[in-house]
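Let's take a friendly look at a pocket and at a ligand in its surroundings. Have the sequence and the 3D view ready as you read.

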Amino acid sequence: MKIELPTRRHTTRLAGALAPLLKPGDLVVLTGDLGAGKTFFARALCRALGVPHEVPVTSPTFTLVHQLEGRLPIAHADLYRLGSDTADASEGELSQLGLRELRAEGSALLVEWGEPFLEALGGDALRIHLITCPPDAGAQRAAVVSATGPRSLVLLTSLPSPATLRASSGR
Ligand SMILES: Nc1ncnc2c1ncn2[C@@H]1O[C@H](COP(=O)(O)OP(=O)(O)OP(=O)(O)O)[C@@H](O)[C@H]1O
Ligand SMILES: [Mg+2]
């Protein structure tokens, strides 16, 4: 499903539509180029999940994982640095982060650059691929949302339609 995100408000609306659907143990993987809006989306989702405004939601590029508390526990990870390591090393480092355990204990996982580690994270991910386009190309930012398992498919099919999301953003 492709959702156009011409403004930051549209991205915030998409995050706001996903937040109430999330349950403990859900996995959301954010992909897209540098600056595509993964952290922006993650922050909007955390706010919509009830993380207070005084708690900063920043890119955990160096610490790799931030644990946050909204209406459910959230583990926000950025695995960019792991992706540049060799596969074996990064799988080992990933298991040290304990993301799978956090997921099993009921945290929702929100993972930037998580694509290479989908299976290691336990699979069944809602993938949100964020696309940026050069401003002069006349094309817009967009999200392509897909599911890799039964639970994430429920999330995907429970989201409002792209037309609804687009229309509601104007208000
Ligand atoms: N429609 C939009 N949706 C999301 N972000 C937008 C949009 N329009 C402009 N932006 C801006 O784009 C930037 C996205 O940066 P962000 O840090 O979220 O990207 P990122 O994908 O996490 O990058 P990185 O891979 O470096 O971590 C922000 O400064 C945000 O304000
Ligand atoms: Mg980021």
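How many nonpolar, polar and charged residues does the lining of the largest pocket have by class? The lining has 7 nonpolar, 4 polar and 2 charged residues. Here Ala, Val, Leu, Ile, Met, Phe, Trp, Tyr, Cys and Pro count as nonpolar, Asp, Glu, Lys and Arg as charged, and the others, Gly among them, as polar.

This is a predicted model, where local features need pLDDT of at least 70, side-chain atom pairs count only at pLDDT 80 or more, and totals for chains, interfaces and linings use all residues. Residues are numbered from 1 along each chain as its sequence is written, chains are lettered from A and ligands numbered from 1 in the order in which they are written, and side-chain values use heavy atoms, with hydrogens and water left out.

Among the 13 residues that line the largest pocket, L5, R8, T11, A36 and R141 lie nearest its centre.

Now turn to ligand 1.

The table shows polar contacts, which are pairs of N or O atoms within 3.5 Å.

| Residue | Protein atom | Ligand 1 atom | Distance |
|---|---|---|---|
| L5 | polar backbone atom | nitrogen | 3.0 Å |
| G35 | backbone N or O atom | oxygen | 2.9 Å |
| W113 | polar side-chain atom | oxygen | 3.4 Å |

The protein covers 72% of the 640 Å² of accessible area (Shrake-Rupley method, 1.4 Å probe) that ligand 1 has on its own.

Definitions and conventions. On a 1 Å grid over the protein atoms alone, a cavity is a set of points where a 1.4 Å probe fits but cannot get out, and a pocket is an open set with protein on both sides within 12 Å along at least five of seven lines; lining residues have an atom within 4 Å of a point. A polar contact is a pair of N or O atoms within 3.5 Å; within protein, one must be able to donate a hydrogen and the other to accept it, and residues adjacent in sequence count only if both atoms are side-chain atoms.
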